[in-house]
Amino acid sequence: VQLQASGGGLVQAGGSLRLSCAASAHPFSRYIMAWFRQAPGKEREFVAAISWSGSSTYYADSVKGRFAISTDNAKNTYLQMNSLKPEDTALYYCAARLGSFYTAPRYYNYWGQGTLVTVSS
C-alpha cells in the first residue's frame, strides 16, 4: 500500500486547510489511519487518527477542537485543520497500521511522503 498526502500550503494564522491522504489500494479492514507532523528540529509527533470504520477518532491535545479527521471508507483520509496557529507549521505525514491505535510513529508500517503546512503570524 502506498500513501500520498496532499493539501498543504501557506496560510495565515486563524485560517484553515484540508489535507488529504490517498491510498493506492484499499488497505485492509481493522486498520488505523493517522496523521503525524514534524517541525524543523523536532521529533515526529502524533496529530490525529481514525479507525477503519470511522467510528473511533483520536486527537493530540494540541489540536483537539481545531482539527478533525475523517475517512470515506474507501481509499481516502482527510484532516480538516481550522484555527491554525504558527506552531502548527510542520511537514504533515499520513500513516497506516493494522490493528490497535498507537501514538508512537514506530508502530506505523506505511507512510506517505509528507505535505508542508506553513502558518504565518
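Ser 51 is buried, with a relative accessible area of 9%. Here, buried means under 20% relative accessible area, exposed means over 50%, and partly exposed lies in between, for a 1.4 Å probe and protein chains only. The model is predicted: local features need pLDDT of at least 70, side-chain atom pairs count only at pLDDT 80 or more, and totals for chains, interfaces and linings use all residues. Residues are numbered from 1 along each chain as its sequence is written, and side-chain values use heavy atoms, with hydrogens and water left out.

Ser 51 belongs to strand E5, which covers residues 45-51. Strands (E, at least two residues) and helices (H or I, at least four) are DSSP runs, numbered from the N terminus. A polar atom of the Ser 51 side chain lies 3.4 Å from the backbone nitrogen of Ser 55. This is a polar contact, defined as a pair of N or O atoms within 3.5 Å; within protein, one must be able to donate a hydrogen and the other to accept it, and residues adjacent in sequence count only if both atoms are side-chain atoms. Contact in general means heavy atoms within 4.5 Å. Once neighbours within four places in sequence are set aside, Ser 51 is in contact with Tyr 31, Ile 32, Ser 56 and Thr 71.

Strand E5 has a partner in E4. The two pair in the antiparallel sense over six bridges. Strands count as paired if DSSP finds at least two bridges between them. Within this pairing, Ala 34 stands opposite Ala 49 of E5. The hairpin of E4 and E5 has six residues between the strands, and Gly 41 there takes a positive phi near 80°. On E9, E4 has another antiparallel partner, joined to it by eight bridges. Phe 36 stands opposite Tyr 93 in E9. Seven of the eight residues of E4 are buried, so this strand is largely enclosed by the rest of the structure.

The nonpolar core comes next. Such a core is a set of buried Ala, Val, Leu, Ile, Met, Phe, Trp, Tyr and Cys residues joined through side-chain atoms within 4.5 Å. The largest one holds 33 residues, of which Trp 35, Val 47, Phe 67, Leu 79, Met 81 and Tyr 92 touch the most other members. At least two residues of this core come from each of several strands, including E1 (3-6), E3 (17-23), E4 (31-38) and E5. E4 gives the most, with six residues. In soluble globular proteins, nonpolar side chains tend to be buried together. Val 47 shows its surroundings clearly in a contact list. Beyond four places in sequence, its contacts include Trp 35, Phe 67, Leu 79 and Tyr 92.

Tyr 108 sits in the loop between E9 and strand E10 (110-111). At 4% relative accessibility, Tyr 108 counts as buried. Its side chain reaches the backbone oxygen of Tyr 102 at 2.6 Å. Not counting residues up to four places away in sequence, Tyr 108 touches Ile 32, Ala 34, Phe 36, Ala 95, Ala 96, Arg 97, Phe 101 and Tyr 102. Tyr 108 and Tyr 58 are 50 residues apart in sequence, and their C-alpha atoms are 15 Å apart in space.

Charged side chains were examined next. A salt bridge is a side-chain nitrogen of Lys or Arg within 4 Å of a carboxyl oxygen of Asp or Glu. The count by this rule is four. Glu 45 forms one with Arg 37, and the closest N and O atoms are 2.6 Å apart. Glu 45 is partly exposed, at 35%, whereas Arg 37 is buried, at 6%. Arg 37 also forms a salt bridge with Asp 88, at 2.9 Å between the closest N and O atoms. This pair links distant parts of the chain: Arg 37 lies in strand E4 and Asp 88 in the loop between E8 and E9, 51 residues apart. Both Arg 37 and Asp 88 are buried. Lys 64 and Asp 61 meet in a salt bridge at 3.2 Å, N to O. Shared partners join Arg 37, Glu 45, Arg 66 and Asp 88 into one network of salt bridges.

The loop between E8 and E9 also holds Ser 83. Ser 83 is not glycine, yet its phi is positive, near 50°. Most residues other than glycine have a negative phi. At 40% relative accessibility, Ser 83 counts as partly exposed.
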